[in-house]
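Subject: Structure for you to look at

Hello,

Here is the structure I said I would pass on. Please open it first; my notes follow below.

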Amino acid sequence: METHGLKVVSIYSKGYKKHLLISNSEVTTLGAFLKGVIKDEVLVINTNLGVDIYYQAIVDHTNLIVDAFLLLKTCNGQHREEFIIKSLNHQDAIVDETQRFFLKLIKNPLLFRNYSKSLTHQIKNHYHPSSKLINQLLSLWKRELIKVPQSISSETTSHLLPLIMSLTASNIEEDSQPVVEALIREAMSSRNNN
């Protein structure tokens, strides 16, 4: 039986491409459509690595999400076979995939830096309509990013700190009162890091 909780559908192009799978206007259209149908928060993260659609629901909406995405892409002459589609419907599967993803991404510092910059920008832009969902994701990502250095060389940990700090800063800006925000920023400033 399905439980109400975080679910994600990830769609990637076969072979790395330097351009986005869908445009920013298509992200807005897809997000609004899915939110209207699912009747809960939906977050569409669109990067050069692919499109991740996060949502909260009791029912698995993978088919709906994939069909809506393909509707956008078939207008451009593309087919389902051109994409890799992953659906994660349980917390454990999402945690495992997050760990694998960050371990893989951290091995390519330039890609990691570009991805984290894009991710942070999108989270800031979509925070208000999806705050509950984003806070849950930020908590998961920060928890998993902190674990990554235990299994990789210390050289790559320098790329993790900026992402952890930027994710935290995104969260701080939206949720904190000015005094608390100032204290947290001071505690996390680079001069206080060893």
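Among contacts in the chain between residues at least 6 apart in sequence, what percentage join residues at least 24 apart? The figure is 71%, where a contact means heavy atoms within 4.5 Å.

Before the details, a word on the source. This is a predicted model, in which local features need pLDDT of at least 70 and side-chain atom pairs count only at pLDDT 80 or more, while totals for chains, interfaces and linings use all residues. Residues are numbered from 1 along each chain as its sequence is written, and side-chain values use heavy atoms, with hydrogens and water left out.

Overall layout

The chain has seven helices and four strands. Helices (H or I, at least four residues) and strands (E, at least two) are DSSP runs, numbered from the N terminus. Read from the N terminus on, the order is β-α-β-β-α-β-α-α-α-α-α. Of the 194 residues in the chain, 44% are buried. Buried means under 20% relative accessible area, exposed means over 50%, and partly exposed lies in between (1.4 Å probe, protein chains only).

The cores

A nonpolar core here is a set of buried Ala, Val, Leu, Ile, Met, Phe, Trp, Tyr and Cys residues joined through side-chain atoms within 4.5 Å. The largest one has 24 residues, and Leu-43, Tyr-54 and Trp-141 touch the most other members. Two or more residues each come from strand 1 (5-13), strand 2 (42-47), helix 3 (91-106), helix 4 (109-126) and helix 5 (131-147). Helix 5 gives the largest share, seven residues. There is also a second, separate core of 21 residues, which includes Ile-22, Leu-34, Val-42 and Tyr-55. As background, nonpolar side chains in soluble globular proteins tend to be buried together.

Leaving out residues up to four places away in sequence, Tyr-54 touches Leu-6, Lys-7, Val-8, Glu-41, Val-42, Leu-43, Ile-45, Leu-133, Leu-137 and Trp-141.

Helix 1 against helix 2

The axes of helix 1 (residues 24-38) and helix 2 (residues 62-74) come within 11 Å and cross at roughly 150°. Helix 1 is therefore roughly antiparallel to helix 2. Axes are lines fitted to C-alpha atoms, for helices over the stretch in contact, and angles run from 0 to 180 degrees between N-to-C directions. Angles under 35 degrees count as roughly parallel, over 145 as roughly antiparallel, 65 to 115 as roughly perpendicular and the rest as oblique.

On the helix 1 side the contact uses Glu-26, Leu-30, Phe-33, Leu-34, Val-37 and Ile-38, and on the helix 2 side Leu-64, Ile-65, Ala-68, Phe-69 and Leu-72. By type, the residues of this contact are 10 nonpolar, no polar and one charged. Ala, Val, Leu, Ile, Met, Phe, Trp, Tyr, Cys and Pro count as nonpolar, Asp, Glu, Lys and Arg as charged, and the others, Gly among them, as polar.

Leu-30, in helix 1, is buried at a relative accessible area of 3%. Not counting residues up to four places away in sequence, Leu-30 touches Ile-22, Val-44, Ile-53, Ala-68, Phe-69 and Leu-72. Leu-30 and Phe-69 are 39 residues apart along the chain, and 7.2 Å separates their C-alpha atoms.

Helix 3 against helix 5

Helix 3 and helix 5 pack at an angle of about 50°, with axes 10 Å apart, so helix 3 is oblique to helix 5. Their crossing is right-handed. The residues of this contact divide into six nonpolar, four polar and three charged. Among them are Phe-102 of helix 3 and Trp-141 of helix 5.

Single residues

Lys-39 sits in the loop between helix 1 and strand 2 and is exposed, at 69% relative accessibility. Lys-39 has a positive phi of about 65° although it is not a glycine.

Thr-47, in strand 2, is buried at 6% relative accessibility. Beyond four places in sequence, Thr-47 touches Leu-20, Tyr-115, Ser-118 and Gln-122.

Ile-123, in helix 4, is buried with a relative accessible area of 0%.

Regards

Terms used. A crossing is left-handed if the near helix is turned anticlockwise from the far one by less than a right angle, and right-handed if clockwise.
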